[in-house]
Amino acid sequence: MNTIKTGTRKALEENETATVHEENDADRQLRGLSFSFVRGSDPRAATCRGKLQSRRCKLNQEINKELRLRAGAENLYKVTTNRKLRDTVALELSFVNSNLQLLKEKLAEMNSSVEIYQNESHDGVIPMIPLGLKETKEINFMEPFSDFILEHYSEESSIYMDAIADITDTRQACKTPSRDLLGVALLFRYYNLLYYVERRFFPPDRKLGVYFEWYDSLTGVPSCQRTIAFEKACILFNLGAIYTQIGARHDRSTDRGLDSAVDSFLRAAGIFRHIYDTFTNAPSMDLKPHVLDVLVSLMLSQARECLFEKLKLQSESSGLTGSSLVIISAGPQSTELAQLFRDLGGEAAQLSLEYNEMHKNIQVNDTHTYLPECWAGLVPLKAELYRALAHHYEARSIDVKVASKIGPVTSLKDSFVGNSREALCVTQCSGESNEDSASFIAIKHTHLREALASYEEAQRLQRMCRFLKNKTSLTQAIKEANYQAQEEYENFRIRASANKVDESYDLVERVVEASSKFTLTLTGPDFTSYKVEDPFKRLGPIAIFSARRHWTAPRCVRLQKGSAICHDFSACPCDTVTTRVAHEKDCRQYKEEIENFGFQVSGDSPVIIAHVEINSLADLGGIKEGDFVVEIEGMDVKWFSHQQVVHLIQSCGSVLELKVITPMDRNYLKPLSSKGSISTLSAASSSGFSSDSSSPTNTTTKPEPLMKTSTKGRFVGSVSSGFWNPFRRTPSIAKIF
């Protein structure tokens, strides 16, 4: 028999190890997949969760229809002066309100279907509370985004049709995310994608013709806004809801399943806290601060509940608790068992305290009017249930200590838990009298009576809630715990009569102190783990080419150099070598002055026109200082570095065709007065190289001497600029053309 058990244990360990490796491999493959391959689940899948979500969608649409009918009827009632028509409208309004009430009750009943999200082997396990997903209407981004690209960026929108279609398909897939890592990745990546969408297409000075309509997860009332922040908040809410469903689905009969459930609930709590701290003035009720605060408390309590179950499971698997174990007088095993019972009692008392505080918070801010009746009833029920467990384990702790003192052998099946202070009192010297032992037995009697009373109150609360009385798993869990307490109480009365316990001790109230050995920390959303590329990268760097910036339409400029003046150095009447070298230098300088285009560039991505010579080819062609170079010889150079642009211009020869734009909101050659401003101007010098480095404190370096280009003292060079450029990858090279 021992060989069979050992083989079974090894097989289970091997299966768990293989499963862990498979999940790790799946996670690595998920992170390596491109964004376009991540899609939602099939909405036509005939799963219980899929059917429930489809019913939720239909209910939301019916609620929206009734709300519109009510709004129209109320408006008609206000404006009409016909008494008969007013009576008819009032009658219709009563029918509409009745239908709305029935629909909201159906939605509340649907939100109360917590058993659908639980694990298949959830018999005898207290159910967890998951959240349903918010429903939304479909949106087609093709037309508004295409028009905005043509209007604002002056580019052909057909180039970006695939990117716009991918965003539309991704949002459609987010309506039905799968309840696993793929669904989490889909929502995370769409949320990250919304960053680029907001920066590219949603200007702060006007509204784009895109309406985001979402249905409330709790009430079914639709909310519509044109801000991308509302879309982000709803996506994050669905992400937190997915984590709650994943946490409720885990198998809580194993340590691994409990650890995964704790992680999921902590991640859900972190996401709801992020929504609470980041997004304000939400129109939807499930995004209100007081509702989010309740959801955070609920997720933390459920995570602690899983930790309590894990501690209980570890005690059972270690062999310290079991009906076959017999406690022998004052051994180390008895001390370890008493400490374990004290920990379990403290954890149960802590859970009861948290659920009581949550129940008070729900009643104070009227959140119970929006939460499903099942949730509002399950919170006080769990508070009473864990209060009963705290007293139950308190009594066991006292029983263990007293058993080691008074001598008779006690079965562990008849043992229950207790307060640390009372347990320490029991561990006093072994010479204490039988009267003292009887007093501790009376204290245990009080704890057992408190436990039975709390179990009865929990059963009463379940019977009073119409959505909880049919939860078989919850009923079974409460009945099993109550049966153990009653059995312990009956056995205790038999032992107590032999010790002549004073019944007046029953009148003394005993309170179990709340304590916990676990510290819970919220796990915030990790957006960096699901990076996405900018689908509109061809528009240019997002710091410059965004919806909040404005510039002129691109101008095509064609510059052509004239014929160069050649000098015959052999015919030059120079007697000395020094004079000849000086003359050759002046000729080369004069040739360069005649043949350049007359402008200077600096900066990176995009390159900016730093200086334009007066009456030069660039000046006559319409190039201005501060213009951005966006295209050279038909090649898009918005992402080119300074060195790449210089090399491309030098390779053009005597004819240069380029496109430039002029910023309208500010001059990027001058720094902003505000701290932390963004400048695209990098260091430039007429010698061709920059000697200063980037300065995050906006300090300037000493300018280099200006270069003379003629004997008359005309200066065409520029000095080094010390403005900090956060987009510069390498020290830029300036060049005069």
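Apart from neighbours within four places in sequence, threonine 227 is in contact with Lys207 and Phe212, where contact means heavy atoms within 4.5 Å. Threonine 227 sits in the loop between strand 2 (222-225) and helix 7. Its relative accessibility is 27%, so threonine 227 counts as partly exposed; the scale takes under 20% relative accessible area as buried, over 50% as exposed and values in between as partly exposed (1.4 Å probe, protein chains only). From C-alpha to C-alpha, threonine 227 and tyrosine 211 are 8.0 Å apart in space and 16 residues apart in sequence.

The model is predicted: local features need pLDDT of at least 70, side-chain atom pairs count only at pLDDT 80 or more, and totals for chains, interfaces and linings use all residues. Residues are numbered from 1 along each chain as its sequence is written, and side-chain values use heavy atoms, with hydrogens and water left out.

**Overall composition**

The protein chain holds 17 helices and 11 strands. These elements are DSSP runs numbered from the N terminus, with helices (H or I) of at least four residues and strands (E) of at least two. Of the 737 residues in the protein chain, 48% are buried. Among contacts with a separation of 6 or more, 77% are between residues 24 or more positions apart.

**Helix packing**

Two packed helices are described by the angle between their axes and the distance between the axes. Here the axes are lines fitted to C-alpha atoms, for helices over the stretch in contact, and angles run from 0 to 180 degrees between N-to-C directions.

| Helix pair | Angle | Axis distance |
|---|---|---|
| helix 5 (residues 161-173) and helix 6 (residues 181-201) | roughly 140° | within 10 Å |
| helix 7 (residues 228-249) and helix 8 | roughly 160° | within 8 Å |
| helix 8 (residues 255-278) and helix 9 (residues 289-317) | about 165° | 9 Å |

At its angle, helix 5 is oblique to helix 6. Angles under 35 degrees count as roughly parallel, over 145 as roughly antiparallel, 65 to 115 as roughly perpendicular and the rest as oblique. Helix 5 and helix 6 make a left-handed crossing, meaning that the near helix is turned anticlockwise from the far one by less than a right angle. In this pair, Ile167, Thr170, Arg171 and Ala173 of helix 5 meet Leu186, Tyr190, Leu193 and Val197 of helix 6. The contact of helix 5 with helix 6 has 6 nonpolar, 1 polar and 1 charged residues. In this classification, Ala, Val, Leu, Ile, Met, Phe, Trp, Tyr, Cys and Pro are nonpolar, Asp, Glu, Lys and Arg are charged, and the others, Gly among them, are polar.

Helix 7 is roughly antiparallel to helix 8, and the crossing of helix 7 and helix 8 is left-handed. The residues of helix 7 that meet helix 8 include Leu236, Phe237, Gly240, Tyr243 and Gly247, and those on the helix 8 side include Phe265, Arg267, Ile271 and Phe272. By class, the contact of helix 7 with helix 8 has 14 nonpolar, 5 polar and 1 charged residues.

Helix 8 and helix 9 are also roughly antiparallel to each other. Helix 8 passes helix 9 in a left-handed crossing. There are 20 nonpolar, 2 polar and 6 charged residues in the contact of helix 8 with helix 9.

**Burial in two helices**

Helix 17 (residues 642-650) has His642, Val645, Val646, Leu648 and Ile649 buried. Seen down the axis of helix 17, these buried residues fall within an arc of 165°, so they line one face of the helix; the arc is that of the directions from the helix axis to the C-beta atoms. Gln643 and His647 are exposed on the other side of helix 17.

Alanine 376 lies in helix 11 (residues 373-406) and counts as buried at 17% relative accessibility. Its C-alpha atom is separated by 7.6 Å from that of histidine 359, 17 residues apart along the chain.

**Backbone details in loops**

Asparagine 281, in the loop between helix 8 and helix 9, has a positive phi near 55°. Asparagine 281 is exposed, with a relative accessible area of 73%. Asparagine 615 has a positive phi of about 60° and is found in the loop between strand 7 and helix 16 (617-621). With a relative accessible area of 62%, asparagine 615 is exposed.

The peptide bond from serine 605 to proline 606 is cis, with omega near 0°. Proline 606 belongs to the loop between strand 6 (599-602) and strand 7 (607-612).
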